[in-house]
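Visitor: I would like to learn how to read a protein model feature by feature. Could you take me through one, giving the general idea before each case?

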Amino acid sequence: MTIDFYYVPGSAPCRAVQLAAAQIGVPLNLKHTDLMKGEHLTPEFLKLNPQHTVPTMDDNGYTLSER
């Protein structure tokens, strides 16, 4: 059970998710999202999270983000 985790290094909310996942033993598939390149605005990402924010998690089709 690995969860895709879209994140930005240095982001406090992203780091909190990483720390919590590590503490409870949930493996994350880290997917760096480069905001400067607009990777959070691609059609693929917008299908996951219409608000185009990070952190975003995708657990086999179930997505979770700040809303």
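Guide: Let us begin with pairing, where two strands pair if DSSP finds at least two bridges between them. Strands here are DSSP runs of E with at least two residues, helices are runs of H or I with at least four residues, and both are numbered from the N terminus. The model is a predicted one, in which local features need pLDDT of at least 70 and side-chain atom pairs count only at pLDDT 80 or more, while totals for chains, interfaces and linings use all residues. Residues are numbered from 1 along each chain as its sequence is written, and side-chain values use heavy atoms, with hydrogens and water left out.

Visitor: In what order do the four strands form the open sheet, and what is the pairing?

Guide: Strands of a sheet pair through backbone hydrogen bonds, either parallel or antiparallel. In this model the four strands form an open sheet in the order 2-1-3-4, with mixed pairing. Strand 2 and strand 4 are the edge strands, each pairing on one side only. On average, neighbouring strands of this sheet are turned by 20° against each other, direction ignored, where the axes are lines fitted to C-alpha atoms (for helices over the stretch in contact) and angles run from 0 to 180 degrees between N-to-C directions.

Visitor: Which strands pair in the parallel sense, and over how many bridges?

Guide: Strand 1 and strand 2 do, over five bridges, and Ile3 stands opposite Leu28 in strand 2. Strand 1 also pairs with strand 3, in the antiparallel sense and over three bridges, with Asp4 standing opposite Asp58 in strand 3. Strand 3 and strand 4 (residues 62-65) run antiparallel and are joined by four bridges, and Asp59 has Tyr62 in strand 4 as its bridge partner. The hairpin of strand 3 and strand 4 has two residues between the strands, and in it Asn60 takes a positive phi near 55°.

Visitor: Which residues make up the largest nonpolar core?

Guide: A nonpolar core is a set of buried Ala, Val, Leu, Ile, Met, Phe, Trp, Tyr and Cys residues joined through side-chain atoms within 4.5 Å. The largest one here has eight residues, namely Phe5, Tyr6, Tyr7, Val8, Cys14, Phe45, Leu48 and Val54. Strand 1 (3-7) and helix 2 (43-48) are the elements that give two or more residues to this core, and the largest share, three residues, comes from strand 1. Leaving aside residues up to four places away in sequence, Val8 touches Cys14, Thr33, Leu35 and Val54.

Visitor: How many aromatic pairs are there?

Guide: A pair of aromatic rings is described by the distance of the centres and the angle of the planes. Rings of Phe, Tyr and Trp (its six-membered ring) pair if their centres lie within 6.5 Å; planes under 30 degrees apart count as stacked, over 60 as edge-to-face and the rest as tilted. By this rule there are two pairs. Phe5 and Tyr7 have ring centres 5.8 Å apart and planes at 5°, so this pair is stacked, and both residues are buried. Tyr6 and Phe45 have ring centres 5.5 Å apart and planes at 75°, so this pair is edge-to-face; it links distant parts of the chain, with Tyr6 in strand 1 and Phe45 in helix 2, 39 residues apart. Tyr6 counts as buried at 15% relative accessibility, and Phe45 counts as buried at 4%.

Visitor: Where is the place of Glu39?

Guide: Glu39 is in the loop between strand 2 (28-32) and helix 2, and is partly exposed, with a relative accessible area of 32%. His40 lies in the loop between strand 2 and helix 2, but counts as buried at 14% relative accessibility.

Terms used. Buried means under 20% relative accessible area, exposed over 50%, partly exposed in between (1.4 Å probe, protein chains only). Contact means heavy atoms within 4.5 Å.
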